[in-house]
Amino acid sequence: MTGQTTTDVYSTPQMKAQRWQALAEDRCALSGISVYTQIFIGMALYLYGHVSTPGYLSILLTIPFAFLLLFLARRTAQNADGQNGVIAYAAGKRGTKFVLFLFLLLHLMNAQLIFVSLFAMLLDDMPEHSLWKMALLIAPVLAWANSGRQEDALVRLSRFLKWIIFLLLLSAFLGAAPHGRAAHFFPVLGYGWKSIVHGALWMCGAVSGCAWPLLMPQNQQTLSPMLAGKRKTVIPTLLSIIAGCATMAVSVWLMPFYAMARAETLGWRLMLVANMTPSIPAWSTETVGILLLFFLSLSHSASQASALAARMAGKRAAAGWVTLLLLLALVPCAVMQDAAMQEALMHLAFWRGPVTLLLLLGLYGSSAIRKKKQHKEKEQTP
């Protein structure tokens with residue numbers, strides 16, 4: 001007989017642990033991409049018109065808020081029982097569905113903003129095509145792509161797609177760099193600190209999704225690697241905010257204070273870098289990069305919303321038709337492209353930050369109380 005040697009490095013438990021570790025890191029990275037997408041949309045929807053050139057300061061000021069959300073989410077997850085899920089443990093039987101419903105609305109709000117921005121850009125680039133036809137084509141395709149094991153599929157896709165998006169946008173920004181001026185950064189405070197702080201408060205809603213990887217419905221196997229190190233959630237969030245600041249800085253480099261706040265369509269503002277340069281390659285790379293970014297983030301928000309709907313119904317996974325219905329519900333608002341509708345969305349989007357903060361404060365407080373009760377019961381048990 002020949003002997004067989006085994007090592008801990010190549011053991012089955014070790015390999016499984018590495019897979020769960022990789023899944024946790026990829027989920028956090030995908031969440032970071034989603035946060036950057038919301039920052040990118042927030043720049044065009046709010047910052048350009050209300051804060052103008054010092055908008056990058058507003059984005060930087062969201063870092064303390066994002067770290068507060070991450071702290072509350074981490075402490076809540078540490079208190080929770082991984083077998084029942086973080087939200088189910090903290091909210092209890094009576095409050096779980098209500099909390100899940102609120103998070104579902106937050107994900108749908110993010111998805112609606114992406115959908116509206118996507119078609120605003122398509123309207124500017126392809127005005128001869130019907131938005132209704134494109135919407136009714138995109139929604140079923142995304143729903144089909146998110147059917148089955150949607151979370152794993154998205155994670156695998158985002159592993160390499162994030163680098164393609166990064167290179168495309170970087171190429172567009174570098175191509176536009178020769179057409180800007182450092183003088184555009186002045187006046188440094190723009191309309192003043194008041195507008196910068198207001199912009200930061202609005203952008204807090206854009207970064208509010210950073211805590212979701214710690215809260216999403218999951219089991220102990222996926223939650224433990226997430227709690228193993230703070231870097232998994234902190235670094236993707238920090239990188240997304242820094243990337244948002246860099247994107248805003250590029251916009252300021254290209255456009256002066258008085259021009260940034262002028263009335264333009266949402267689609268034009270989303271493509272500001274390409275519109276401020278005559279470079280056709282820059283226009284092409286930015287268009288493709290933004291489309292990939294929107295499709296990936298829209299799939300993420302839609303898949304999370306449908307997963308929450310399934311949990312509310314007592315099921316483990318969502319059917320493809322649920323995702324399709326959720327996406328179809330977003331179509332009318334997306335294709336209207338009305339200024340009043342965009343203004344209403346801008347005001348509603350602000351409340352993502354306060355609602356998320358209140359939810360996390362409530363979940364953290366509830367989980368801490370439940371954990372203390374469990375400790376007392378254990379101590380009293382002979």
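The following exercises, with worked solutions, concern a predicted model.

**Exercise 1.** Determine whether Tyr-56 is buried or exposed, and identify which residues it is in contact with beyond its neighbours within four places in sequence.

*Solution.* Begin with the location: Tyr-56 belongs to helix α2, which spans residues 55-60. Next, consider accessibility. A residue is buried when its relative accessible area is under 20%. Tyr-56 has 18% relative accessibility and therefore counts as buried. Finally, setting aside the neighbours within four places in sequence, the contacts of Tyr-56 are Phe-185, Val-188, Cys-245, Met-248 and Val-252. For Met-248, the C-alpha atom is 5.6 Å from that of Tyr-56, although the two residues are 192 apart along the chain.

**Exercise 2.** Describe how helices α14 and α15 are oriented and which residues meet.

*Solution.* Two packed helices are described by the angle and the distance between their axes. Here the axes of α14 (residues 280-312) and α15 (residues 320-336) come within 9 Å and cross at roughly 120°. The two helices are therefore oblique to each other. The crossing of α14 past α15 is right-handed. On the α14 side, Leu-298, Ala-302, Ala-305, Ser-306 and Ala-309 take part; on the α15 side, Val-322, Thr-323, Leu-326 and Leu-327. Of these contact residues, 7 are nonpolar, 2 are polar and none is charged.

**Exercise 3.** Classify the aromatic pair formed by Phe-40 and Phe-294.

*Solution.* The structure holds 9 aromatic pairs. In the pair of Phe-40 and Phe-294, the centres lie 6.3 Å apart with 65° between the planes, an edge-to-face arrangement. The pair links helix α1 (residues 12-50), which holds Phe-40, with helix α14, which holds Phe-294, across 254 residues.

Technical notes. Residues are numbered from 1 along each chain as its sequence is written. This is a predicted model: local features need pLDDT of at least 70, side-chain atom pairs count only at pLDDT 80 or more; totals for chains, interfaces and linings use all residues. Side-chain values use heavy atoms; hydrogens and water are left out. Helices (H or I, at least four residues) and strands (E, at least two) are DSSP runs, numbered from the N terminus. Buried means under 20% relative accessible area, exposed over 50%, partly exposed in between (1.4 Å probe, protein chains only). Contact means heavy atoms within 4.5 Å. Axes are lines fitted to C-alpha atoms, for helices over the stretch in contact, and angles run from 0 to 180 degrees between N-to-C directions. Angles under 35 degrees count as roughly parallel, over 145 as roughly antiparallel, 65 to 115 as roughly perpendicular and the rest as oblique. A crossing is left-handed if the near helix is turned anticlockwise from the far one by less than a right angle, and right-handed if clockwise. Ala, Val, Leu, Ile, Met, Phe, Trp, Tyr, Cys and Pro count as nonpolar, Asp, Glu, Lys and Arg as charged, and the others, Gly among them, as polar. Rings of Phe, Tyr and Trp (its six-membered ring) pair if their centres lie within 6.5 Å; planes under 30 degrees apart count as stacked, over 60 as edge-to-face and the rest as tilted.
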